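Please read it alongside the sequence and the model.

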Amino acid sequence: MLKNYFVVTLRNIFKNSVYSFINITGLAIGIVCSLLIILWVEDEVSYDHFIPKSERLYQVWVNAQFSGEINSWNSVPLPTYEAMKTRNSNIVNSAVSDWGGEHLLKWEETRVTKTAYYVSEEFLEMFGFSLSSGSAETVLDDPYSIVLTASTAKALFNDDDPINKVVRFNDQYDLKVTGVLEDLPENSSFEFDFLVTWKLNALKEWIQNNNDNWGNYSFQVYVELNNPENELEVEQAIVHLLQENGEEDMKPEFFLHPMHRWRLHSTFENGQESGGRNDFIRLFTIIAIFILVIACINFMNLATARSERRAKEVGIRKSIGSNRYELILQFLGESLFIATVSFIVALLVAQLVLPAYNDLVDKQLSIPYASLSFWLFSIGIILFTGLVSGSYPAFYLSSFQPVKVLKGKVTTGRQVSTPRKVLVTLQFGFAILLIIGTIVIFRQIQLVKSRDLGYDQENLISIFTNDELDKNYYTLKDELEQSGAVLSVTRSNGAITTINSNNFVGWPGKPEDLRVIFTTVATEYDYARTMGIEVLMGRDFSREFKSDTAAIIINKAALDLMDLDEPIGTELDLWGGKRTLIGVVDNVLMGSPNEAIKPLFMIMNPDWINVISVRLKKTNDLNATLAQVEGIFEKHNPAYPFEYTFADEAFQKKFTTVEMTSKLATLFASLAIVITGLGLFGLASFTAEQRTKEIGIRKVLGASISSLVGLVSKEFSLLVIISFAISGPISWWLLDQYLDRYSIRTAIDWWVFPLTGGVALLFALIIVSNQAFRAAKANPAESLRSE
């Protein structure tokens with residue numbers, strides 16, 4: 001019997017090759033989309049799962065009240081590290097780290113610049129990164145030890161054994177290689193090329209000054225619990241630790257953020273988890289389901305539309321003894337066979353497009369053929385698509401009465417067409433929702449990309465500084481500005497595209513209960529000039545005024561907040577001292593382009609500085625200008641390679657995730673439309689074929705081709721209009737909820753909806769009208785020959 005079912009299935013596939021092609025292509029595209037999305041989703045949710053103790057590891061975060069809400073961040077005071085060890089018996093261990101930035105490593109004549117983390121000796125024991133050489137318990141014991149990743153070791157020593165070799169660090173310290181880590185997986189929250197001991201970092205005066213300082217939130221502290229079930233008890237034990245140590249102004253409280261939630265749930269709003277990358281996971285999971293459902297609807301519609309052709313087959317099978325159960329099994333088997341073929345095709349296509357897809361999502365995804373879970377998932381996809389798409393046709397076709405169908409009295413009217421119309425409406429509704437969402441997301445991206453930055457990005461580069469550059473800074477600055485290639489030079493505590501510090505400021509008339517955080521820029525002379533920031537009042541820091549070391553500059557947002565009548569010369573309170581306000585600058589977009597610009601102040605503080613910014617002159621030969629600047633840097637900093645970042649490139653990186661989201665949404669929306677179009681093509685062609693005699697009669701009676709085309713197209717046009725009427729309001733509500741997370745958000749303009757509805761209707765009309773036109777052009781003598 002199974003052999004007979006298989007033969008009948010193949011016969012039907014080849015006999016109805018056009019509809020089989022539409023079904024298999026539609027399902028294959030749907031499965032490809034779902035497969036690619038699931039690969040991306042699986043990679044995202046797998047972040048940090050390779051860490052052996054990930055379920056027991058947490059980062060210490062802070063909730064603090066200011067600016068009228070609860071704010072959350074993951075930097076804590078340095079004393080937190082030691083305090084955690086004895087605060088609660090459920091805390092097994094604690095570790096501290098600090099992102100060290102880019103540093104120079106040198107061995108013999110080989111020089112490389114790599115990313116470092118300063119970490120305490122507990123770090124490797126807690127996080128369990130795989131070591132190919134060395135022991136996690138001892139590799140960080142010596143202050144002058146260094147642990148390299150395998151790729152960094154390869155870059156320095158090629159194939160030589162790196163253990164016990166001495167590396168020159170920042171042209172300042174000689175560090176012995178005590179361990180080699182396997183390269184971190186792509187799905188790791190940590191990104192570093194080598195580890196340096198916290199004991200070496202502790203030699204810095206800045207670290208020593210913060211060992212007992214509970215007011216400087218600049219360090220990352222992690223804890224390991226004996227059991228994740230004790231998380232709430234530990235949080236209750238540590239929650240008031242900051243206030244117990246004198247930090248009462250903001251009512252700060254500690255809380256624990258589990259490692260398995262770092263990647264997807266690290267966005268907080270008013271002290272609660274809100275949004276984050278998990279929203280993208282939900283979005284694309286829903287899109288995957290939508291696309292798969294659209295593909296299944298194609299199958300269901302075409303199968304029920306062709307029911308009249310298979311009615312006699314059902315009647316004959318029932319008349320010779322087949323029961324309904326066997327017929328259902330046969331039809332479900334056919335749909336499962338088509339789903340299996342579609343999955344095989346989808347797998348081949350997915351493998352072919354995977355390199356391009358990896359470029360789009362900036363990952364190194366691969367299809368895990370060796371994974372049992374992948375094949376279980378594959379079977380699940382086949383069963384889902386096969387059973388969902390084949391269930392309704394199977395139950396409907398198997399319900400035919402043999403006496404009626406063999407007499408040619410099978411009914412294929414409203415009872416068949418109504419469910420089919422509902423499915424087409426649903427299909428177009430999904431497609432319209434995806435199109436509207438894609439348009440709105442694109443407009444949101446364009447809105448934030450077109451915001452006034454408040455500074456000039458063109459020909460602005462930043463270079464990380466070091467001890468040698470700090471020592472020679474003023475000589476370097478003068479030589480660069482006199483070279484003819486550079487307009488201006490300054491230095492600060494970060495590139496203009498980043499915010500590295502936030503602090504509180506007091507001003508005359510400030511309400512006692514008002515706490516507002518200010519973006520803080522520690523800088524030097526000529527900051528506004530170099531960045532191209534407009535000075536609205538007063539002046540920039542200048543070498544002409546020695547008193548500027550005790551001065552302060554604010555932005556327009558800060559001035560609006562302070563509401564000062566005569567701002568220039570006003571004394572502001574900062575860290576228990578007074579600063580004279582000498583200037584007001586225009587608002588500068590340094591943080592997230594999706595957020596409003598925050599109040600900002602600038603001070604001169606050489607101790608915080610780590611970046612030199614250079615404004616290049618406009619030129620037609622940028623490479624020659626950069627070569628000239630490189631020569632001057634190498635003259636004053638010969639040990640380090642000249643490495644720089646353009647401000648416009650750094651700014652564009654802020655849009656990496658959202659632009660990827662937009663591109664993926666556009667891609668999958670387009671594919672959803674293609675699948676919908678395939679199904680509509682098959683359904684329209686079958687409808688036209690089914691109404692051939694009706695069209696022939698009408699044509700004989702004088703109906704024009706245009707009226708016949710309109711007759712066939714009217715039904716499908718009505719379905720598209722209904723689907724638009726349903727999906728339009730739903731898409732507006734969903735997108736309004738989505739955009740609410742952004743303080744800078746685009747309007748959902750009314751024209752988006754009629755435009756999308758019009759495009760969908762035109763798309764449907766082109767497909768349907770083409771089939772209707774072919775039927776209307778046919779010779780009625782051919783279609784009416786048998787009458």
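## Model and conventions

This is a predicted model, in which local features need pLDDT of at least 70 and side-chain atom pairs count only at pLDDT 80 or more, while totals for chains, interfaces and linings use all residues. Residues are numbered from 1 along each chain as its sequence is written, and side-chain values use heavy atoms, with hydrogens and water left out.

Helices (DSSP runs of H or I, at least four residues) and strands (runs of E, at least two) are numbered from the N terminus.

## The second largest pocket

The second largest pocket holds about 330 Å³ of space. A pocket here is an open set of points on a 1 Å grid over the protein atoms alone, where a 1.4 Å probe fits, with protein on both sides within 12 Å along at least five of seven lines. Grid points are joined across faces, edges and corners, and the volume is the space filled by probe spheres set on them.

Helix α2 (17-45) and helix α13 (372-397) each supply at least two lining residues. The top contributor is α2, with five. By class, seven lining residues are nonpolar, four polar and four charged. Nonpolar means Ala, Val, Leu, Ile, Met, Phe, Trp, Tyr, Cys or Pro; charged means Asp, Glu, Lys or Arg; the others, Gly among them, are polar.

## Strands around β21

Strand β21 (residues 577-585) pairs with β18 (residues 535-538) in the antiparallel sense, over three bridges. Two strands count as paired if DSSP finds at least two bridges between them. Glycine 538 has glycine 583 in β21 as its bridge partner. Strand β19 (residues 551-555) runs parallel to β21 and is joined to it by five bridges. There, asparagine 555 stands opposite valine 585.

Strand β20 (residues 571-574) is antiparallel to β21, with four bridges. Aspartate 573 faces lysine 578 in this pairing. The β20-β21 hairpin has two residues between its strands, and tryptophan 575 takes a positive phi near 55° there.

## Nonpolar cores

The largest nonpolar core has 112 residues. Such a core is a set of buried Ala, Val, Leu, Ile, Met, Phe, Trp, Tyr and Cys residues joined through side-chain atoms within 4.5 Å. Buried means under 20% relative accessible area, exposed over 50%, and partly exposed in between (1.4 Å probe, protein chains only). Trp40, Tyr357, Tyr455, Ile496, Ile533 and Phe668 have the most contacts inside this core. Helix α10 (residues 278-305) gives the core its largest share, 16 residues. Apart from this core lies another, of 46 residues, including Val62, Ala83, Ile146 and Ala153.

Tyrosine 455 is in contact (heavy atoms within 4.5 Å) with several residues beyond four places in sequence. Among them are Leu460, Ile496, Met531, Ile533, Val588 and Phe651.

## Buried residues and their contacts

Isoleucine 91 sits in strand β3 (residues 91-107). Its relative accessible area is 5%, so isoleucine 91 is buried. Its C-alpha atom is 6.6 Å from that of valine 223, 132 residues apart along the chain. Leaving aside neighbours within four places in sequence, isoleucine 91 contacts Met84, Val223, Glu224, Leu225, Val234 and Ile238.

Threonine 661 lies in helix α22 (residues 656-690) and is buried, at 0% relative accessible area. Beyond four places in sequence, threonine 661 touches Phe280, Leu283 and Phe284. Aspartate 526 lies in the loop between β17 (517-523) and α18 (527-531). Aspartate 526 counts as buried because its relative accessibility is 16%. Its contacts beyond four places in sequence include Lys477, Glu481, Ser488 and Asp540.

## Positive phi in two loops

Which phi does aspartate 48 have? The value is positive, about 70°, although aspartate 48 is not a glycine. This residue lies in the loop between α2 and β1 (57-66) and is buried, at 0% relative accessible area.

Glutamate 108, also not a glycine, has a positive phi near 55°. Glutamate 108 is found in the loop between β3 and β4 (110-119). At 57% relative accessibility, glutamate 108 counts as exposed.

Notes. 1 Å grid on protein atoms, 1.4 Å probe; cavity = no way out; pocket = protein on both sides within 12 Å on 5 of 7 lines; lining within 4 Å.
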